[in-house]
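Here are my notes on this model. Please read them with the structure open.

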Amino acid sequence: MPNALITGITGQDGLYLAELLLSKGYRVYGLVRGQNNPKRELVEQLVPEVTILTGDLTDLSSLLRAFATAQPDEVYNLGAISFVAYSWENAALTTDVTAKGVLNILEAIRLYAGDSIDKIRFYQASSSEMFGKVQEVPQRESTLLWPRSPYGVAKAYGHYMTINYRESYGLHASSGILFNHESPRRGYEFVTRKITNAVARISLGLQDSVALGNVDAQRDWGFAGDYVDAMWRMLQQPEGDNYVVATGETHSIREFLDLAFACVGIDDWAPYVTEDPRFMRPAEVDFLVGDSTKAHEKLGWKPTVSLPQLVAMMVENDLAIQKPQAGLGS
Ligand code: NDP
Ligand code: GDR
């Protein structure tokens, strides 16, 4: 039974990845930060088999203690400050967690494993945000990075540091350059969940409208459950590498609005959506679309959920959550 350590276990991907690894017979350890983390309960409810360890990516000694307990064969570094908009307001903190946190965990591996470093496999959650002002369409592993936010810059650091530890120490280290992936577990701060939650509430008479920023931005959206499978596949390869994971389709926020409102029978969403400059970003990533040919060919990975299916899944979930608020059964 292999041991896996997941940072970011309380997040969207951490929960799906824990479920996947448990289903494959792994013993799973999850790092949870803070003295009274409200999301700890979610982990205990959804994946009770996971052993929770206390630690923080900014605290190297806490990572070393987690390694000593978990004795991991595979380490998945999903922990990060992951909300792009927030990263401008907290650029130094984002750098400490999302960039330097990667160095801390790589150093923890080196200190823990010593001469047996080749026995550990490492996954780094890199991001399409690193492509930022895109230099090539579609974006692939070799595309020049041009990050546009403190978050994107921090992820670029983590990406290169992962490559550096692979090249310097022979660590089996993979960088998954994942494009946007969503699910009913997506945080409410991200545009997809903000929209599906608002659509559910508007259709139930609980809310009048939703305020958004730039609805012309285009993203390559997939389903998170598919994407954690790609992470696992990377660590089963003979060597660490970099992989783009994406659907290869791009859609605007407007198209996402079309699909989400159609789920509740609303064809014209204009009366329900307002533009709010508070949600505009100092520098925008206007367009992303990934080429995951390498992941198809080497990992045998491909997405299984289409955008309309994903949107329907998210709206249905939010309707079920919101119905009791409207005095209706779920
Ligand atoms: P979430 O925001 O849902 O989860 C982030 C996780 O990081 C949470 O568990 C959070 O813990 C944890 N975390 C935050 N700060 C620290 C810290 N100082 N020490 C330890 N853990 C910390 O993100 P996702 O699940 O969506 O994404 C997972 C990873 O993949 C992230 O690194 C993200 O940047 C990256 N990514 C995500 C994509 C996506 O579309 N979802 C695409 C590409 C990359 P807490 O609950 O305590 O806040
Ligand atoms: P992103 O996701 O920045 O791509 O990062 P997000 O859903 O926050 O934004 C996507 C696009 O929608 C536009 N937008 C809005 N976004 C939010 N959050 N709220 C709004 O009201 C709104 N209106 C318009 C944004 O400007 C942007 O263009 C996500 C995160 O999961 C990262 O951690 C991950 O690395 C990348 O995806 C790939």
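1. Arg121 has His172 in β6 as its bridge partner. Strands β5 (residues 121–127) and β6 (residues 172–178) pair in parallel over seven bridges. Pairing requires at least two DSSP bridges between the strands. Strands (E, at least two residues) and helices (H or I, at least four) are DSSP runs, numbered from the N terminus.

2. This is a predicted model; local features need pLDDT of at least 70, side-chain atom pairs count only at pLDDT 80 or more, and totals for chains, interfaces and linings use all residues. Residues are numbered from 1 along each chain as its sequence is written, chains are lettered from A and ligands numbered from 1 in the order written, and side-chain values use heavy atoms, without hydrogens and water.

3. The open sheet has seven strands, ordered β3-β2-β1-β4-β5-β6-β11, with parallel pairing. β3 (51–54) and β11 (242–245) are at the edges with a single partner strand each, so one side of each lacks a neighbour in the sheet.

4. Check the polar contacts (N or O pairs within 3.5 Å). An N or O atom in the Arg281 side chain lies 2.6 Å from an oxygen atom of ligand 2. For the Arg219 side chain, the distance to a ligand 2 oxygen is 2.9 Å.

Terms used
Polar contact = N/O pair within 3.5 Å; in protein donor to acceptor, adjacent residues only side chain to side chain.
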